[in-house]
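Subject: Handing over the structure

Hello,

I am passing this structure on to you, together with some notes on what turned up in it. Please keep the view open while you read, and take the notes one section at a time.

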Amino acid sequence: MFLQNQWYVAAWDHEIGYDPVSRTICGIPVMLYRRMDGTIAAMRDACPHRLLPLSMGMREGDNIRCRYHGLLLDSHGQAVEMPMRGDDVNQSVHCPTLTAVERFRLVWVWIGDANQADESALPDYWMCEEPGWVFDGGLYHVKCDYRLMIDNLMDLTHETYVHPESIGQSELLEAPIETRTEADRVIVRRWMANVEPPPAWRGPTGAGGRVDRWQICNFIPPASVLIDVGTVPAGSGPTLDDHPVRSFVVDFMTPETETTCWYFWGAARKAGDGDHRTGTDRTKTVQGRVFMQDVEVLEAQQKSILANPDMKLQAYNIDAGGVRSRLLLQRLIKAQRDGAKAEKTREAAKAH
Ligand code: FES
Ligand SMILES: [Fe+2]
C-alpha cells in the first residue's frame, strides 16, 4: 500500500521524448511521452482493447497507435480511430490518463484520485532549478522496498562501512545525531566538528586542513530524502546559509512494486567561481559509484529479508531517522485509509 494523492517522480526530464517510455509507478504501469508542444502525456500503459502495453505502439503526431490491432488514441487517452477503419469511433473507448508535470528537471505523476491533482502540493526542491546552482544525477532500478532506501539515507552511519574510500569516516559513528519529526518531514541532523575531510572531499591533491562537516537528512513524504551536506574549515561554526560551498544530495525513491523501486539520485550545489561542466560530471561520477554500493547492499538486504521471513528488522539508536520516517508514512497512509472508509460509509448511508 503506497501513499496516494501524491506526486511521485516518474522520470528525468531528458528521458521523456517522442518515443513512449513505460514505467511502473506504485504498481501502476504508466506510459509517458512528450507531445509536439513539449508537454508530457501520461496514461495507463495498457491498450483499452486487449491491454497490450501502449508503449509498444507507434507515435503518429500527438497520437499513439496500438501495435496489436491499430487502435488510435489521442494524447488524452481518447480513441480517435477504431481498428476497423470504417467503424465509427466509439466515444467510450478511453485509456485512463494521469496528471504529469515537469518541475525541478524531473517529470512527476500524480498517483491517486486524478481530480485531486494539485501542482501546488509539489514539495519545493528549489535547489534543483535555482539560477546559479547546478543539479545533475542519474537513475538506478533497485530490487528493494523503497523504504529500505529511505532507512539507508536517514542513517548515514553506514557510510563508514559501505563507502569507506569516498564519504565514509569513523567520526560518523561518534558525532551525536539529533532527530525530530515535523508536520511534513523527519529531520536527522549530524554535526561533526574538527574532523579530517572524508577521502572524496579532500580535493584533487588530497590537501586541505581539518573541517567541520554536517549532514542534515530530510525525509519528505512520500518518497524522497534531501540531504544538506558540506564542510567548512574547522571552527567556522554553523554558517549553513551563507557559506559559498553548499550542496544537497537529492534522492527520490519512487516505488515500482512492494519490493522494487526507481532510484533517482543527484546532487545540487551552488556553482562557485569558475564552476564548469567537469565539476558537475565529477560529482555525478563519484555519486554514481557511491550509490551503486548502496544498491548492492540494499538488494542483498531485500533478498535476505524475503529469505528469512521468521526474522524481524530491528532498530537501534542509529535507526531513529528511518523509524520515524516509516512512522510518518504509516500515519499518513492510515489517515488516508480512514478518510476513504469514512467516505464510503457516508455514501452507503446516503444510498439507503
Ligand atoms: S490490443 Fe490494442 S488495438 Fe487491440
Ligand atoms: Fe550510502
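A residue is called buried if 20 or more other C-beta atoms lie within 10 Å of its own, exposed if 12 or fewer do, and partly exposed in between, the C-beta atoms being placed from the backbone. Helices (H or I, at least four residues) and strands (E, at least two) are DSSP runs, and they are numbered from the N terminus. This is a predicted model, in which local features need pLDDT of at least 70 and side-chain atom pairs count only at pLDDT 80 or more, while totals for chains, interfaces and linings use all residues. Residues are numbered from 1 along each chain as its sequence is written, and chains are lettered from A and ligands numbered from 1 in the order in which they are written.

The chain as a whole

The protein chain has four helices and 17 strands, and its C-alpha trace spans about 80 × 55 × 40 Å along the principal axes. Of the 352 residues in the protein chain, 32% are buried. Two residues are said to be in contact if their C-beta atoms, placed from the backbone, lie within 7 Å; among the contacts in the protein chain with a separation of 6 or more, 55% come from residues 24 or more positions apart.

The protein chain is divided into domain 1 (6-121) and domain 2 (131-332), with bounds that come from an automatic or database domain assignment. The centres of the two domains, taken over C-alpha atoms, are separated by 33 Å. Twelve residues from domain 1 and eleven residues from domain 2 take part in the contact. On the side of domain 1 that touches domain 2, the elements giving two or more residues are strand E1 (6-12) and strand E2 (21-25), and E1 has the largest share, with five residues. That side of domain 1 is made up of seven nonpolar, three polar and two charged residues, where Ala, Val, Leu, Ile, Met, Phe, Trp, Tyr, Cys and Pro count as nonpolar, Asp, Glu, Lys and Arg as charged, and the others, Gly among them, as polar.

A nonpolar core is a set of buried Ala, Val, Leu, Ile, Met, Phe, Trp, Tyr and Cys residues joined through C-beta atoms within 7 Å. The largest one has 71 residues, and those with the most contacts inside it are Tyr-8, Ala-10, Leu-32, Val-109 and Met-149. Strand E17 (residues 260-270) gives the most to this core, with seven residues. Because domain 1 (6-121) and domain 2 (131-332) both give residues to this core, it lies between them. Not counting residues up to four places away in sequence, Met-149 touches Val-142, Cys-144, Met-253, Cys-261, Tyr-263 and Leu-298.

Two strands pair if DSSP finds at least two bridges between them. E1 pairs with E10 in the antiparallel sense over six bridges, with Trp-12 standing opposite Leu-106 in E10. Strand E9 (residues 100-103) also pairs with E10 in the antiparallel sense, over four bridges, and Glu-102 stands opposite Val-107 in E10. E9 and E10 form a hairpin with two residues between them, and Phe-104 in the turn has a positive phi of about 55 degrees.

Cys-95

Cys-95 lies in the loop between strand E8 (79-81) and E9, and counts as buried because there are 22 C-beta neighbours inside 10 Å. Although Cys-95 and Met-43 are 52 residues apart along the chain, their C-alpha atoms are separated by 6.7 Å.

Helix H4

Helix H4 (residues 320-351) has 32 residues and reaches 46 Å from its first C-alpha to its last, close to the 46 Å expected at 1.5 Å a residue, the expected span being 1.5 Å times one less than the number of residues. The buried residues of H4 are Gly-321, Gly-322, Ser-325 and Leu-329.

With best wishes
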